[in-house]
Amino acid sequence: KNAAGIQIAKMDCTATDARGACGDYGVKGFPTLKIFRNGEEVAHHRGGRDMATMSEVLLQNIVEGQDQGAAAEEPAKEEAPKDVEPPKEEESGLLVLSDANFDSIAMSTKTTLVKFYAPWCGHCKRMAPDYAELAGEFKENESIVIAKVDCTENQKTCGKWGVRGYPTLKIFRGGKDLGEYQGARTVEGMREFVNSNYEEEEKPADAQKDEL
């Protein structure tokens with residue numbers, strides 16, 4: 001109420017004059033919480049709906065907006081080309097990706113599950129042990145990669161892939177986003193998702209003929 005530049009609002013999507021706006025912004029369930037800045041949607045909050053969590057998400061988006069505004073005022077600087085730095089690997093086998101190396105890993109021919117997260121996200125913290133365990137299960141599989149990206153440090157990548165809430169889990173292969181995981185954030189659920197997408201890889205031509 002007292003913070004300059006911040007407005008908290010609500011919209012009844014059943015009202016005739018609101019249906020168009022709700023449809024334009026892809027509202028399919030209730031409640032849906034979205035954050036807007038400068039006329040654009042900047043976040044779709046899928047996390048906890050308690051006061052502490054919602055305040056934290058709102059403040060984070062305010063900080064990001066201020067950072068973007070400051071960056072826009074600075075003259076553009078030419079960046080020298082950088083060598084692709086290899087991703088860090090945690091003990092579990094989980095790869096830590098960044099803007100600098102995301103494409104070299106996620107856009108490869110391997111099946112790559114990526115968790116897009118923020119360090120302050122409570123749901124991200126709670127699922128972290130299961131995600132690390134999942135990485136350990138696939139650590140020796142050279143065709144499958146389990147990775148994560150900190151969106152507070154790598155906004156370019158997270159923005160490119162339409163990440164609007166945390167955690168967001170997407171699976172990639174061959175330069176394509178194969179889909180977002182919407183199931184339970186358990187080892188069992190995520191393992192099944194990875195295996196189902198891995199099994200859907202293109203079969204050799206001879207194998208396809210055998211099935212005809």
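Guide: The protein has seven helices and eight strands, and what you see is a predicted model. Of its 212 residues, 33% count as buried, while the accessible surface comes to about 14100 Å², with 49% of that belonging to carbon and sulfur atoms.

Visitor: What makes β3 and β8 edge strands?

Guide: Six strands form an open sheet with mixed pairing, in the order β3-β4-β6-β5-β7-β8. Two strands count as paired if at least two bridges are found between them, and β3 (88-89) and β8 (176-180) each pair on one side only.

Visitor: How do you know that β5 and β6 pair, and in which direction do they run?

Guide: The cut-off is at least two bridges, and seven bridges join β5 (residues 111-117) to β6 (residues 144-150), so the two strands pair, and they run parallel. Within this pairing, Thr-111 has Ile-144 of β6 as its bridge partner.

Visitor: Which helices pack on the sheet or lie across its strands?

Guide: Helix α4 (residues 122-137) packs on the sheet, where it touches β5, β6 and β7 (168-173), and its direction makes about 160° with that of β5. Helix α6 (residues 187-199), for its part, lies across β5, β6, β7 and β8, running at about 20° to β7.

Visitor: Why is Lys-148 called buried?

Guide: Lys-148 has a relative accessible area of 13%, and buried means under 20%, so Lys-148 is called buried. This residue is found in strand β6, and, leaving aside neighbours within four places in sequence, Lys-148 is in contact with Glu-90, Leu-94, Leu-95, Val-96, Leu-97, Val-114, Lys-115, Tyr-117 and Tyr-131.

Visitor: What makes a set of residues a nonpolar core, and which members touch the most others in the largest one?

Guide: The residues must be buried, of nonpolar kinds such as Leu, Val or Phe, and joined through side-chain atoms within 4.5 Å. In the largest core, which has 24 residues, Leu-97, Phe-102, Val-114, Phe-116, Val-149, Tyr-166 and Phe-172 touch the most other members. Strands β4 (95-97), β5 and β6 and helix α3 (102-106) each supply at least two residues of this core. Phe-102 has contacts beyond its neighbours within four places in sequence, among them Leu-97, Val-114, Phe-116, Val-149, Trp-161 and Phe-172. A second, separate core of 15 residues includes Leu-113, Met-127, Ala-135 and Met-190. In soluble globular proteins, nonpolar side chains tend to be buried together.

Visitor: Where is confidence lowest, and where is it highest?

Guide: The mean pLDDT of the protein is 82, with 81% of its residues reaching 70 or more. Confidence is lowest in helix α7 (residues 205-211), at a mean of 47, and highest in β5, at 97. Over residues 202-209 the pLDDT is below 50, and this stretch has two contacts in the model beyond near neighbours in sequence. Where pLDDT is low, the predicted coordinates should not be read in detail.

How values were computed:
Residues are numbered from 1 along each chain as its sequence is written. This is a predicted model: local features need pLDDT of at least 70, side-chain atom pairs count only at pLDDT 80 or more; totals for chains, interfaces and linings use all residues. Side-chain values use heavy atoms; hydrogens and water are left out. Helices (H or I, at least four residues) and strands (E, at least two) are DSSP runs, numbered from the N terminus. Contact means heavy atoms within 4.5 Å. Axes are lines fitted to C-alpha atoms, for helices over the stretch in contact, and angles run from 0 to 180 degrees between N-to-C directions. Buried means under 20% relative accessible area, exposed over 50%, partly exposed in between (1.4 Å probe, protein chains only). Accessible areas come from the Shrake-Rupley method with a 1.4 Å probe; for residues, only the protein chains shown count as cover. pLDDT is the predictor's confidence in each residue, from 0 to 100.
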